[in-house]
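Welcome, and thanks for taking a look at this one with us.

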Amino acid sequence: MNVLFVYYVPSGGVDTLNRLRCKALKPYGIHGDCLYYGWGAGMQNKPDIPYYVTRNDIEIKKIIDKGNYDAIVVTTDYASFPRFRLLGYTGKLVLEVQGYGPKDVARKELTLAIPYVNGNVAGLLNPRTPHIAALFEELFPAIPRFNFNNAFDSHYFTYRALPKAQEPIIGWLGRIQDNKNWREFLQIGHTLIHHGYPKLQLWMFEDHHLAVPEERVQFHELVEQLHLKEHLTLRSNVEHAQMPSYFSMIGDSGGLLCSTSKVEGAPYAVLEAMSCRCPVLSTYSDGVSSSIYHNTTGKYYQQGHIAQAIVEAKELMRNLELRESIRAAAQLLVERNFSTDAYAQHFKAMLESI
């Protein structure tokens with residue numbers, strides 16, 4: 001079988017997912033290609049999978065005709081379904097939702113999607129994100145729904161023993177935009193620095209191409225206001241192959257990854273940190289519920305409650321027995337529950353059923 005995966009740009013979690021699943025599906029007799037509408041920072045990751053970058057209808061028609069695809073899986077862009085039909089595609093269409101950010105935005109977008117989806121789509125896919133699964137069931141009761149964990153290669157993306165940092169490091173990964181809640185991360189870092197960790201380092205990883213310009217200005221203003229410059233290291237568009245080293249260093253420093261998002265689909269950053277034995281403190285942002293179990297594979301704090309975040313962070317950094325238990329359990333959970341083989345088997349079963 002041949003499948004085309006479609007998304008706006010090769011960046012972030014979808015870029016990671018597409019690279020992993022195309023490799024995972026190949027041994028199961030499924031050939032995957034990727035189509036992106038524009039350039040994205042993920043191209044620096046040197047993908048060894050077939051991909052196209054174009055938004056031109058004539059070029060897209062040539063890709064579809066040449067590929068002889070049994071199914072086209074479109075992430076987010078529901079408005080493209082009539083377009084693919086007009087370009088002559090007659091095979092199966094699948095809408096995949098990895099997340100829309102805030103829950104009200106997800107409801108609004110999927111409500112707008114109803115006329116595009118009904119009559120065009122053979123299946124709905126999401127990575128066990130509770131609020132998306134509930135919206136699929138409510139808005140599209142007649143369309144088959146599939147919910148299974150995203151693929152993750154825990155053999156490649158795993159812990160690396162490196163020289164230990166002298167001071168603890170708190171990491172954060174995301175876009176400089178409201179839903180990723182960068183403001184809260186800076187406030188947490190500032191509070192920890194002034195309550196027990198004066199030499200704490202803050203490492204933030206982002207894609208500067210996807211930042212909201214107004215928030216970029218606000219970000220630098222808040223860094224100045226909180227006097228965080230000497231503590232903060234901001235890295236943009238780090239190659240994916242380098243990230244295991246960074247997560248391993250954060251974990252071995254005695255620090256943690258702090259995920260402050262308001263709502264998430266199935267964030268790869270959390271899985272990546274866990275696989276590298278970097279403990280995670282997170283808001284309960286919905287999609288993380290399949291990977292973080294409080295005080296077992298990670299820790300939660302209530303979004304907006306800085307004081308609670310500080311309590312949980314300090315326990316994760318100071319209670320060494322709990323910390324090591326969480327590091328080990330988290331790494332094992334990723335290996336068992338997010339394997340590429342399991343993903344390929346679920347995906348093949350989905351294709352066969354539609």
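A residue counts as buried when its relative accessible area is under 20%, as exposed when that value is over 50%, and as partly exposed in between. Keep in mind that this is a predicted model.

- Leaving aside residues up to four places away in sequence, isoleucine 354 is in contact with Lys92, Val94, Ala122 and Phe146.
- Glutamine 201 is 153 residues from isoleucine 354 in sequence, and their C-alpha atoms are 50 Å apart in space.
- Threonine 16 belongs to helix 1 (residues 12-25), and its relative accessibility is 5%, so threonine 16 is buried as well.
- Beyond residues up to four places away in sequence, threonine 16 touches His240, Tyr268 and Glu272.
- Is glycine 304 buried or partly exposed? Its relative accessibility is 46%, so glycine 304 is partly exposed.
- Glycine 304 is found in the loop that links strand 13 (299-301) and helix 10 (306-318).
- Lysine 262 is 42 residues from glycine 304 along the chain, with 9.3 Å between the two C-alpha atoms.

- Strand 4 (residues 71-75) is mostly covered, with 5 of its 5 residues buried.
- Ala71, Val73 and Thr75 point one way from strand 4, while Ile72 and Val74 point the other way.
- On one pairing, strand 1 (residues 2-7) runs parallel to strand 4 and is joined to it by 4 bridges; here valine 6 has valine 74 of strand 4 as its bridge partner.
- Strand 5 (residues 92-96) also runs parallel to strand 4, and 5 bridges join the two.
- Within that pairing, threonine 75 stands opposite glutamate 96 of strand 5.
- Between strand 4 and strand 5 the chain passes through helix 3 (residues 80-86), and this β-α-β crossover is right-handed.

**Strand 11 and its neighbours**

- Which way do the residues of strand 11 (residues 256-259) point? Leu256 and Cys258 point one way, Leu257 and Ser259 point the other way, and all are buried.
- Strand 8 (residues 169-173) is parallel to strand 11, with 2 bridges between them; glycine 171 has leucine 257 of strand 11 as its bridge partner.
- Strand 12 (residues 280-283) is joined to strand 11 by 3 bridges, again in parallel, and cysteine 258 stands opposite leucine 281 of strand 12.
- From strand 11 the chain goes through helix 9 (residues 268-275) to reach strand 12, in a right-handed β-α-β crossover.

**Enclosed space**

- By residue class, the lining of the second largest cavity has 4 nonpolar residues, 3 polar and no charged.

Notes: Residues numbered from 1 in each chain as written. Predicted model: local features only at pLDDT ≥ 70, side-chain atom pairs only at ≥ 80, totals over all residues. Heavy atoms only, no water. Nonpolar A, V, L, I, M, F, W, Y, C, P; charged D, E, K, R; others polar. Contact = heavy atoms within 4.5 Å. Buried < 20%, exposed > 50% of the residue type's maximum accessible area, 1.4 Å probe, protein only. Pairing = 2+ DSSP bridges. Right-handed = clockwise from strand over helix to strand, strands pointing away.
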